[in-house]
Every structure is written in C-alpha cells, then in structure tokens.
Amino acid sequence: MSLQQAEDRIRQLDRELADTEDNDRRRELLQEKSRLLSEAYGNISAYDRVYLARKPARPGVRDYINRIFTDFFEQHGDRLMHDDPAIIGGIASLEGLPVTVIGHRKGKTLEENLKFNFGMPNPEGYRKALRLMKQAEKFRRPIITFIDTPGAYPGLESEMHGQGEAIARNLMEMGSLTVPVIAIVIGEGGSGGALALSVADRIWMLENSVYSILSPEGFASILWKDASRAREAAELMKLTAYDLYNRGIVDRLFGEPAGGLDESSRSIYERMKNALITELGVLTKLSGRALVEQRYKKYRRIGDCTSD
Amino acid sequence: MIPLFQERRQKLTQFKALRPRPKTSTASAPEGLYTRCPDCKQDYLSDQVAANYFVCPGCGYHMRLTAHGRLRLVADKGSIRELNAGLYTTENLDFPGYSEKLTALEASTGLKEAVITGVCTIEGHSTVIAVMDSRFMMGSMGSVVGEKVSRAIEYATRRRLPIIIFTASGGARMQEGIVSLMQMAKTGNALARHHQAGLLYISCLTHPTTGGVTASFASLGDIILAEPRALIGFAGPRVIEQTIRQTLPEGFQRSEFLLEHGFIDRIVERHEMRATLGRLLRLHSPSARKGFAYISHPVK
C-alpha cells in the first residue's frame, strides 16, 4: 500500500471513528489506524517522498519568506517583457542582514496554481531571477533560493522566448556570483528548471523533498514509453534527500515530522533560520573570489572521471 | 538489366530532385548502395550522398553526421589531436542495463562516448573542438560527456584558445540521474571562465539539440551557428504537444524558427561550415588587429 493510499484509508477511519459509538468497533478502527500509521510512515518508499513533496498542504516559498524573514519587499519583472508569477523574488531582512530571496511559487488551491502555472517558470521567470541575483551582487547581499518546481514550463511561448537559453544563462552567471548563495529544496526539485535557481555554495534539502533529472513520470515515459510506471522509476532514480546527501551533492538535511510538513508545522522555520544565520556567518567571511573558486570546485568534482 | 537500371538512376540523380524519380523497388539493390533521405524519402546513390557531405542532393536536408565525419569536414587535414580519448567515469553506473548498453554501443559505433574533444586547426587557425555524436546514447550528456567538454573548455582557457562545440544531443543522460543534471552547471561554469578570459566560443547546433544540452553550453556561444532545419529546443515536441494539447505549427523549433526569434546568429549549410568557422576564427585572432593597439577587456 502506498503512503497516499494509507493516508486516504486513515482519513476514512477517522470519519468512521467520529460516527461510531460502539466501543468494540472503535477499538478495531483504532487498531487498524495505528497499524497503518506505523506501516506507512515506518517504511517510506521513494515514490512516497515524491507524493509528500507534492502535497498541496506542504509549506511553500511564501510561508518560508513570511516566517523566516522580515520586511520582504517583492520585486517584479525581467525588464524585458513580462513578470512571471511562477517565480517570486525580492529583498528581505534576515535578523537585520539584507538578503535577496528568490523561489519557485506553487499554489495551494487550483485557482492559485493556475495563476502560478503550478510552479513551472517561463524564460521571463529565470531572467527575473537573474536580474535580482545580479542586483544582490551589486549591493553585496547574500542570495537564498527556495526550490519547488516540477520543471521549467514546456510550452509554445516558453520555447519561442528561449527557455533553454534562459536556464543556460542562469547556470553560467550563478557560478560567477561573488556573493554567497544558499539553495534550499523545499518540495520538488525538477530538472533544469530547478537547477537554474540552485547553482549555490550550499544546497540543503528537506527530508521529504526530492531533486531529480526529470519527474518520475517523465523519466518512465522516456525510458519505457509508459508514464504510469512512475513509481518504479522513482525507486531507481535516487531522488530522495537521503540519496543526494549520501551522494555528496546536498550539504544538509532538515528532518520532518511523520507524514511530512503541513500548515501546523512550526519548528522548521526556526531551525532553518538558525541554520541560515550560522552558515551565512561563515560564508560572508569569504572573499568573492574565494566563493567563486569554492563553488567552481563543488560542481567540478561531480561526475569525476579518470583515464588510467 | 541491373547495369541499365543503375545508369538510369545515376542520370536522374544528376538532375537532383528537380524531376521526381519513378517509384521503383530497391529491394534487389545491394546493401548500402542507396541512401534514403529521411526528409524527401527519395533514394540517392550513397557515394553521391557522401560526396555531398551527407546533405540530400535533392532537397538539401542535412542528414546526421558522425563525429569523425564532422571533424574531417571542418578541421585541416591531419591537424586533429584528440584530448582525453580514453576517459571513463568513476561514478556508479548501476542503472539496470546501462553498462551493458554502453559496451554494446562502443562495439557498434567504435566510439567510447557521445563526444570527441581535441585541438585542431581550421584554415590555419588553432582551436579547441568538441563534436557530439548522436549515435551514442542519443548524444546524451552523462558524467563522461560533461567531464570531456569541461576539460576541453578548461584546456582552451589555459592555452588562450577559442573553442568550437558541435552539439547533437537529446539532453542530459537519464541513466546517470542527478549527476547528469549537474554536468549542465559544470560545463556552464567552465564556460564562464573561458568567457571572462576574453576568449571566443562558437556553438554550432546540429540536428537534434534538445534538453539539458540546449539549457547549458549549446546556448552560451558568443556566436551561435546552426545547420538548416535542425531541431533545437529545450522541451521535446512531444512533451509540448501533450502539455498544451495542440499540434505544433510547421517549422516550430527548427533552426529557421530560432533565427527568427533571435536565438542564433546564422544558419550555415554544411559545405560552408569550414569556411565560415575559418573566417570567424580569423576575425577573432590577435593578428587580425594589424597595426591597431590592443583594447584591453574588462576583467571581472
């Protein structure tokens, strides 16, 4: 049984529990619920993590901005043609330190999601992000990005406006930024669309976030011409936070409560804020040249090869 | 009967495809004698197609070229010295069936990976060159491709040489997962240094160039050239059609479309590529400045 199925069944049990007065029946239901809970959360598969990473109740970039920073001033537009609502960005204060915050924006309702294009940016979004990052560099502000996207939007206009070029440009420019960059994967880290905001000095992930070359659905459809084999694909893709941490690509993990983060979660903001303050304390001591050199090496060693 | 038939074929192909060839079966023709153009679906003598740089003598369609064929076409004869030819990855390649597939491809193509890198001269000008080959895992970028391209760029930066990259790729290589994705950042960062050193990068896009390669080094050239009618894009046409639920317009994501939308500098036919590259290298060579003083470039 998948985590999603278990959660559906638990909700059903909760409804029955509320309706029934019969103590024997209540005991049965409670026993089944506790069995389901330990089964579901005690043995989480990679695809369960994908499910948790995509849950609409999960905190989004706006929640992190509101609860970690103060004085957020949102900035709009790429100064070329458009403002992409799928990417939010601006200036904020982290305990008095001015920083630039950028993130993929997903909605919690269908209406919001249509507005934010389900967190799938167009080239204008990446160009807005780059504009804000170059501005951060000018004013010596550290940059913090929140990654939560299924991927860059695959559409007619996004291709016409140079989706590939926009992502490529961000990768190249982010590598050369002379201010600290910290990228935090809070939900889905999908493909080049995620990478275009996450070439960073430190990459952090939440326990139930995922980061992969492609969505499991896309992966299954490319490799086996069958998107319905996404579950199977997820197990092979090594896309969980633990996989990436063990692989040495991610520097730090943040634990989550059983069943993942939701609206009631509180401690994550405090933990993340403290981690940011500590890490920026270290990174802001480095010269721009040292930061660029370190970042270069961080990516340079991924995919190491030899010829002997 | 057969010689008569061949003679007739030869005469007709001399008129290129101006006059459509009568529909006849080629089932009895010896293997490889004729090549069918994937675009106009006409058959031409393979020798004639090869002599025409694998450009269809009829419709001008640019067929896929092997990396070695491409090098022969653009580099001065005997000038190529390959770099990092025997490179292999120390990454874990445990994706089911993947290492077997690599071994089989090595045997069938004679290539070790989907890119060849080296130094050569083009019309006398020294340059670093990288050429992708779509026969090898659809030219996809895994750790070896990312590493070879990065090393080639770094070599060019150290030696203060230009770099020319011919792309032909389906994108990042699925089987190596996140490591493939990170090669996009790695190659992009290497290009940033080459760029900051004031050196020339010419990107030459050939059919097909999509996904993670489009979204990294392919799109970052100081000058971007493309072969006619090549498919160039980030998302594949099928994915886009499924997303927007409508059929894509004719010519969408082809070189001519990209030129119109401002993403490439020029479409160059295959037989003109060598001369075009030679000309660009000459325009960027320090000796082209003749008596003028050197204008120092701003260093970041």
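Trainee: How many salt bridges are there between domain 1 of chain B and domain 2 of chain B?
Mentor: One salt bridge, meaning a side-chain nitrogen of Lys or Arg within 4 Å of a carboxyl oxygen of Asp or Glu. The model is predicted: local features need pLDDT of at least 70, side-chain atom pairs count only at pLDDT 80 or more, and totals for chains, interfaces and linings use all residues. Side-chain values use heavy atoms, without hydrogens and water; residues are numbered from 1 along each chain as its sequence is written, with chains lettered from A and ligands numbered from 1 in the order written.

Trainee: Which side chains meet in a salt bridge at 2.5 Å, N to O?
Mentor: Those of B:D39 and B:R229.

Trainee: Where do the domains of chain B run?
Mentor: Domain 1 covers 33-63 and domain 2 covers 64-286. The bounds come from an automatic or database domain assignment. Their C-alpha centres lie 24 Å apart.

Trainee: How much area do domain 1 of chain B and domain 2 of chain B bury between them?
Mentor: About 850 Å², with 55% of it on carbon and sulfur atoms. Buried area is the accessible area (1.4 Å probe) that two parts lose on being put together, summed over both. On the domain 1 side of chain B, B:Y53, B:H62 and B:M63 supply 67% of the area buried against domain 2, more than any other three residues.

Trainee: Switching to the chains. How many residues of each are in contact?
Mentor: 58 from chain B and 50 from chain A, where contact means heavy atoms within 4.5 Å. The two chains bury about 4,600 Å² between them, 66% of it on carbon and sulfur atoms.

Trainee: Is B:C120 buried or exposed?
Mentor: Buried, because its relative accessibility is 3%. Buried means under 20% relative accessible area, exposed over 50%, partly exposed in between (1.4 Å probe, protein chains only). A:C305 counts as buried too, at 6%.
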